[in-house]
Amino acid sequence: MKKRNVKVRKFGLYFLLLVGALISLFPFYWSAIGATNESGSMFTKPPTLIPGNQLLENMSNLNEQIGIGRVMFNSLFISITYTIIALFVCSMASYAFAKFKFKGRDIIFTIFLLSMMVPYHATIIPLFKMMASWGWLNQYQAVILPNIAYPFAIFLMRQNMLAFPTALIEASRIDGASEWKIFYKVVLPSMKPALAATAIFLFMYQWNSFLWPLIALSSTDMYTFPVALSSLFGLSRIDYGQVMTGVTLATVPIIIFFLSLQRYFISGMLGSALKE
Amino acid sequence: MKKFKIIVLMIMALSLFVVGCSSSDEGSSEDGKVELVAWAWNVNVGALEDAMTMYQEENPNISIKVEDIGRSDVYDKLSTGLAAGGVGLPDIVLVEDDRIQSYLEAFPKGFANLSELGFDQHKQNFPNFKNELASLNDSYYAMPFDAGPGGMFYRRSIFNEAGVDVDSIETWDDFFEAGKEIKEKTGVYAMSLDKFKDDPTFRMMLNQLGIFYFDEAGNIDLTHPKAVQAMEMIKKFGEADLIKDVDGWNGTVSATVDGSTAAIPFGAWYYGTIIDQAKDTAGDWGVFLLPAFEEGGNRASNLGGSSFMVLEASKKKQAAYEFMEFFTTESDVQIMAMKDYGLFPSLSSAYEADIFTEEIEFFGNQPIWKLFADEMADVETPYFTKDFSIGLDEAIKAQASVFNGEDPATALQESANRLADRTERELNQY
């Protein structure tokens, strides 16, 4: 009797999970299906839910329209470079905020946090002017560099750094390790889960970023994926097959990036559970 | 330690590399070669490029680089560049007609005065409403390009099944009766509309009636008896359950493809959407002009359309002007844009081309372009003003509250009052 109850409960739980999984996966499935059918088919009644044979056609149309390779390279180059530089800058800054004592530290940190409250749109015109006067418009660095010190990433890293035992840092100091060495050899290795989380966050931020790349980049061959996709929307003629193909392609790198960092996530969780 | 230094060095090198990665090309005019830069969206890009090929036959030193930017994205870029004092801008930009006046008001020094460059001589080649939309204080700031003469795109099979003869529909009341007939016999709605988020049908009706959100003097005109009349007509269709409520653009396309609406009132450019998305329904379509409000009344209307502007900050203003003058006033170019890209011209001399008498197979061999072309001369000017987007917002609110049961006159009065508050414009009293 009892056994049966457990079974029923388990069944109910898995059923709920299954429904949840289906609901969250459906949009991906839908866009993948859209990518293999021709444009009008997603509007038919009932909607087309089986793969069609238009994938190659859609791909070649999309490629002709936006140049998939070039756009993919731009987006990957910008996002990866940004993630590496920003991760480096933000982790150093957060280490300083968490473990060094200096005058005005907390005020500076507060100002940093408050800057998150400034609406992004308010900074666009000054930023644009700055980029223009340096001659950086329509160049990669105009998209990569402005946000390398990203307040939220610094905040996230700092919270993790705070948990790091200061005694360990002091012990290393007594042993004669330089500050750089402590940061790199002692602190960072235990921060891998936090670094992975921050990296995913930074990568997603840059990969999905739309308004600033749109404004800072002006020639078609410099476009990032979201900007190029948006150019598919004219007044009345939209090829949904192309749009869906583009959307599907644009999600692939994020999935790969997430999957490749996922094990740090999990090891981080296990690690903290087993500590001490 | 060594490893760490290497990492730091690599990151520094990466940063330098990024900074060094410049693809700067100013298109400077050595050896007399000029490269123009234009911002446009979608099919307009191809039209500009093909027109340049035609232009190069006589002007081999000119070329054009057209940046394909999403329609609404163009405005974000344009506004940013103008607000930053005219940096990072192209020589030529495509702007929709309902936006021109607000740009001229917000950035009076941003755009080239085309009358000074000689565009006035082309005035008689464009319909009156296009000329008015493209100019400010009797000077051209935009070159009229495409237009969206209004029509009812309808499904022949549905009308036939209900036994409704399209030619007998002359007034909105006729169409109402026909709609009831269609609904009864086929279960299909008469028209589609995004009831709570957009008002294209109301706008076209206002345009038919010779009024708009604002009048020529810029006063608010939403309380005009004719505006009330138009809103009452929409309400009448709604109450008889003849309007299919759709969700945004995609909902409209969906209703078009799946045959849940018998007719869709839109601009001529909707042709492109139909032939692209509803390929299986070839031959089943037709177009008739929007019905009039009274027998013999005006059936001409326009929805959408765009024009080209030349940036004042451009260093190649003269060359840009000359090419765009060629583009907008040369019949052959406009015919090419129509034939190859479906961009309906407003240049009247273009209407002499064969395509404007051709029978279109997709539309049951109806010469639909003739119908649209003939309509152009009678289109009244809608006065968008710089506050068009606020007016649009309030008109949509009025329409939404009408569909929620409010009396049209009251709903429009309330919207007009709010509009007066928001724009500090005079409110016409009737």
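This is a predicted model: local features need pLDDT of at least 70, side-chain atom pairs count only at pLDDT 80 or more; totals for chains, interfaces and linings use all residues.
Let's start with the overall figures for each chain.

| Chain | Residues | Radius of gyration | Span of C-alpha trace | Buried |
|---|---|---|---|---|
| Chain A | 276 residues | 24 Å | about 75 × 70 × 30 Å | 34% |
| Chain B | 430 residues | 24 Å | about 80 × 55 × 55 Å | 48% |

How does the radius of gyration of chain A sit beside that of a compact globule of 276 residues? Such a globule would come out near 19 Å, but chain A has 24 Å. For chain B, a compact globule of 430 residues would have a radius near 22 Å, and the chain's 24 Å agrees with that.

Chain B also brings in strands: its secondary structure comes to 16 helices and 11 strands. Now take the contacts in chain A with a separation of 6 or more: 75% of them link residues 24 or more positions apart. In chain B, 75% of the contacts between residues at least 6 apart in sequence join residues at least 24 apart.

## Domains

Chain A is assigned domain 1 (1–53) and domain 2 (61–274). The centres of these two domains of chain A, taken over C-alpha atoms, are 32 Å apart. Where they meet, domain 1 of chain A puts in nine residues and domain 2 of chain A puts in eight. On the domain 1 side of that contact in chain A, you'll find four nonpolar residues, four polar and one charged.

The domains of chain B are each written as two stretches: domain 1 is 33–147 + 304–356, and domain 2 is 151–302 + 364–423. Here 28 Å separate the domain centres of chain B. The contact takes 19 residues from domain 1 of chain B and 19 residues from domain 2 of chain B. Which elements of chain B each supply at least two residues to the domain 1 side? They are helix H4 (97–106), helix H5 (128–134) and strand E11 (302–310) of chain B. H4(B) gives the most to that side, with five residues. By type, the domain 1 side in chain B splits into nine nonpolar, seven polar and three charged residues.

## Where the chains meet

Between the chains, 39 residues of chain A are in contact with 40 residues of chain B. On the chain A side, the elements giving two or more residues are helix H3 (68–99), helix H5 (124–133), helix H6 (140–144), helix H9 (179–187) and helix H11 (211–216) of chain A. H5(A) gives the most, with five residues. The chain A side as a whole is made up of 19 nonpolar, 15 polar and five charged residues.

## The inside story

In soluble globular proteins, nonpolar side chains tend to be buried together. The largest nonpolar core in this model has 190 residues, and B:Ala38, B:Val93, B:Phe153 and B:Val310 touch the most other members. H3(A) gives the most to this core, with 12 residues.

Pick out B:Val93 and look around it. Setting aside neighbours within four places in sequence, B:Val93 is in contact with B:Ala38, B:Trp39, B:Val74, B:Leu78, B:Met309 and B:Leu311.

The buried residues of H2(B) are B:Val43, B:Asn44, B:Val45, B:Ala47, B:Leu48, B:Ala51 and B:Met52. What do they pack against? Their partners are strand E1 (34–40), strand E2 (62–68), strand E3 (92–96), helix H12 (317–329) and helix H13 (331–341) of chain B.

## Two loop residues

Finally, find two aspartates in chain B. B:Asp138 lies in the loop between strand E4 (135–136) and strand E5 (139–140) of chain B. Its phi is near 65 degrees, a positive value in a residue other than glycine.

B:Asp241 lies in the loop between helix H9 (225–239) and strand E8 (243–245) of chain B, and its phi is near 60 degrees, also positive.

Is B:Asp241 buried or exposed? B:Asp241 counts as exposed because it has 12 C-beta neighbours inside 10 Å, and the cut-off for exposed is 12 or fewer. B:Asp138, with 8 such neighbours, counts as exposed too.

Definitions and conventions:
Residues are numbered from 1 along each chain as its sequence is written. Chains are lettered from A and ligands numbered from 1 in the order in which they are written. Two residues are in contact if their C-beta atoms, placed from the backbone, lie within 7 Å. Helices (H or I, at least four residues) and strands (E, at least two) are DSSP runs, numbered from the N terminus. Ala, Val, Leu, Ile, Met, Phe, Trp, Tyr, Cys and Pro count as nonpolar, Asp, Glu, Lys and Arg as charged, and the others, Gly among them, as polar. A nonpolar core is a set of buried Ala, Val, Leu, Ile, Met, Phe, Trp, Tyr and Cys residues joined through C-beta atoms within 7 Å. A residue is buried if 20 or more other C-beta atoms lie within 10 Å of its own, exposed if 12 or fewer, and partly exposed in between; C-beta atoms are placed from the backbone. The radius of gyration is taken over C-alpha atoms; the globule rule is 2.2 Å times the number of residues to the power 0.38. Domain bounds come from an automatic or database domain assignment.
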